[in-house]
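Please examine the sequence and the structure shown below before reading the questions. The answers proceed step by step.

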Amino acid sequence: MNTDFISEEFIKRWEHFYGKPRTKLITSHLRSPDPRIITPNSLKIRSSDLKRQLEKRGFKLTKIKDLRAFIVETEPFNIVSTPEYLAGFFSIQALSSLFPTKCLEPSQNTIVVDMTASPGIKTCFLAQKMKNNGSILALEISKSRIPALKANISRMGVSNTIILNFDATEFYKLNIQVDHVLLDAPCSGTGLKLSKNKRLKPRILDDIYRQAKRQKLLLESAWQQLKQNGTMIYSICSLEPEEGEIQISNFLERHEEDADLLSLPISSGFSGADTKWNNSSHPQLRETRRFFPKPGVDGFFMALVHKRLH
Amino acid sequence: MLYSLLTTTEKKQVETKINTLLGSSILTNTFNEKVLISLNGSRKGIFLISKANLDLLKKIDSNSDSTNCRLIHACIKLGFFIRDEFRFGIESLSYLAPLTKKGIKLNARNTQKFIFGKDIEVTSEKILLQIKEFVESEITIIFSDDDIPIGFGKITFKEKKPLIQNLVDSGIYIRSEKSAF
C-alpha cells in the first residue's frame, strides 16, 4: 500500500492528539491486512460444533481468547460459499464490531433501538443476546443499504426485529420509549484499515465536522427516547476526537442533570481522557475507551452512557 | 398505514401451505399467540409477529404520519403473495426447517449444485427413497447431508423421472443480495 495514501493533514492531527510514536504505529497498522474473523451464531449453533463442521471442510480455526470468535487460519476456499455461512451459523466481521454489543445487557423482554443498523451484524449480536425475545428496532436511512440489512437478519435467523427505512435523527417523532440504544454512528471512518477504506486521502476536515454534527443529532434523538435507568452505547470507527472524546464530553455537559458514563466491561484500549485536545475534557471521560488499529481491530472509540433515575 | 392484517382467505391459504410443508399443524396452532400481517409493496410480504411486537408496530404506525418512515421487515418473514398465490421466501427457511417432519437430504455434490441455484435430477437410491413420501408438485425443505437447511424445492415427476425443482436456495444470499431482498 502506498504510504502517501494517508494524507499529511490527518497524520499531523494524530501526532497532536496521540503523539508521534503512537501515530507511527497507527499508520503502520492501518496499512496491514486483517485476518478473517468469524463469530458463531448462538441462535443456531454451538461454537465447538461450528469449529468441527468447518474443520471437516478443511478450514483451520483458532479461538480468540475471551471472545466468542475465531480467526480463520486456513481457508481452502471462500468461507462465504459454505452451507454453514449461507445457513447463518456464523458472521464475518472485524473484532471491533463485537465490542459495542458486548457492553449492552438487554434482558429478554426489553426494547432496543439500533439507530444506524445496516449491514446488521451488530443487530444480529443483539438478537443473540436477547435470545430472539423482546424487540429490536433497526433503523436505516439509506435505501441502498437495506438489502444487506435484510439479508443478514434473515440469514442469521433473527426473529425479534422490526426494520424501518427511516432517518434516525427523527426517532423521537415516533414516540417510542426504549430500554437500550445502540448508536454505532456514521463517521469519517478514519480508524478503518486501508484495505477496506479508500477514504483517507480524499477526505477533508469539513467531513469530520459534518459527521460530528449528524452524530450530535443522533445522540439527542436517541437520548430523548431512552427510558430512565436505560443505557446507550455510542461507538465510532474514527480516530478523530471531534467525533469521539469531544462529542461525548459536550454531550455530558448538555445532559449534566441525567447522564453518567459507566465503565465499559472491556479491559483493552486506552482511556479517552488520555487523548490530548485543546479544551479541558469532562472528568467522566476517563470511562470511555479509545482503541487504536491493530491486527483484526480497527481504530475506534466507545462510551457507555446511563440515564439516571429521577 | 404501514401494514395490514391478512384476510380470512389469505390466512387460510398461508396456513394450508405451512401445514403441508411441515407435515403437521405445529406452527399454525400457535397462530393465536402470533399475528400474520402483510406489508404493502410490489411483492406483498407476509410476516409473523408476536402480539407484543404488533403493539409496538401499532404505536409506530400511529406516530409515523409526520415522518418518511417505511416499514421494511417485521420479525419473521414467511413469504409473499404473487398474483394471489402465497409462496415461501428464503427468509422463512431457518424458522420453518426445525419444525418440519418432512424434507429431502442431498449428498455433498447435489448440495453444492442446489445452492448454485440448480434443479436436481434424482438418480440416487437414497433420494429416490425419500421422494416416495411426496406427491407431484409438493413443496418441501431441502437439507444438506449434514442436516443444514439449504432451500425450498418442488417435487415433480417429469416423464416419470423425479426432479427436485429449485424454488429458492440459500445461495441467493451471495448471488443476488440486492435483487433478492
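The questions and answers below concern a predicted model.

Q: How many helices and how many strands are there in chain A?
A: The model is predicted, and its helices and strands are counted here for chain A. The count for chain A is nine helices and 13 strands.

Q: Which radius of gyration does chain A have, and why does it agree with a compact globule?
A: Chain A has 310 residues, and a compact globule with that number would have a radius of gyration near 19 Å. The C-alpha trace of chain A spans about 55 × 50 × 35 Å along its principal axes. The radius of gyration agrees with the globule value, because chain A has 19 Å.

Q: What percentage of the residues of chain A count as buried?
A: A residue is buried when its relative accessible area is under 20%. Chain A exposes about 12,300 Å², of which carbon and sulfur atoms supply 51%. Among the 310 residues of chain A, the buried share is 61%.

Q: How far apart do the centres of the positive and negative side chains of chain A lie?
A: Chain A has 45 positive side chains and 33 negative ones.

Q: Is helix α7 of chain A mostly covered or mostly exposed?
A: Helix α7 of chain A runs over residues 146-155. Its buried residues include Ile146(A), Leu149(A), Lys150(A) and Arg155(A). With ten of its ten residues buried, helix α7 of chain A is mostly covered.

Q: Which residue just after α6(A) takes a positive phi?
A: Helix α6 of chain A covers residues 121-129, and eight of its nine residues are buried. Among the buried residues of α6(A) are Cys124(A), Phe125(A) and Leu126(A). Just after α6(A), a positive phi of about 50° is taken by Lys131(A).

Q: Is Asp298(A) buried or exposed?
A: Asp298(A) has its place in the loop between β12 (289-291) and β13 (300-307) of chain A. Beyond four places away in sequence, Asp298(A) touches residues including Asp34(A), Lys193(A), Lys196(A) and Phe291(A). Buried means under 20% relative accessible area. Because its relative accessibility is 5%, Asp298(A) counts as buried.

Q: What is the relative accessibility of Leu139(A)?
A: Leu139(A) is part of strand β6 (residues 135-140) of chain A. Leaving out residues up to four places away in sequence, Leu139(A) touches Val113(A), Met115(A), Leu164(A) and Phe166(A), among others. Leu139(A) counts as buried, with a relative accessibility of 0%.

Q: What distance separates the C-alpha atoms of Phe47(B) and Leu78(B)?
A: Phe47(B) belongs to strand β3 (residues 44-50) of chain B, and Phe47(B) is buried, with a relative accessible area of 2%. Its contacts, aside from neighbours within four places in sequence, include Val35(B), Ile37(B), Ile72(B) and Ile76(B). Phe47(B) and Leu78(B) are 31 residues apart along the chain, and the distance between their C-alpha atoms is 5.6 Å.

Q: How many residues does the contact take from domain 2 of chain B?
A: The domain assignment of chain B gives domain 1 (3-97) and domain 2 (102-180). Taken over C-alpha atoms, the centres of domain 1 and domain 2 of chain B are separated by 25 Å. The contact takes twelve residues from domain 1 of chain B, and from domain 2 of chain B it takes 15 residues.

Conventions:
Residues numbered from 1 in each chain as written. Chains lettered and ligands numbered in written order. Predicted model: local features only at pLDDT ≥ 70, side-chain atom pairs only at ≥ 80, totals over all residues. Heavy atoms only, no water. Helix = DSSP H or I, 4+ residues; strand = E, 2+ residues; numbered from the N terminus. Rg over C-alpha atoms; globule rule 2.2 N^0.38 Å. Buried < 20%, exposed > 50% of the residue type's maximum accessible area, 1.4 Å probe, protein only. Areas by Shrake-Rupley, 256 points an atom, 1.4 Å probe, with all protein chains shown as cover. Lys, Arg positive; Asp, Glu negative; His and termini not counted. Charge placed at Lys NZ, Arg CZ, Asp CG, Glu CD. Domains from an automatic or database assignment. Contact = heavy atoms within 4.5 Å.
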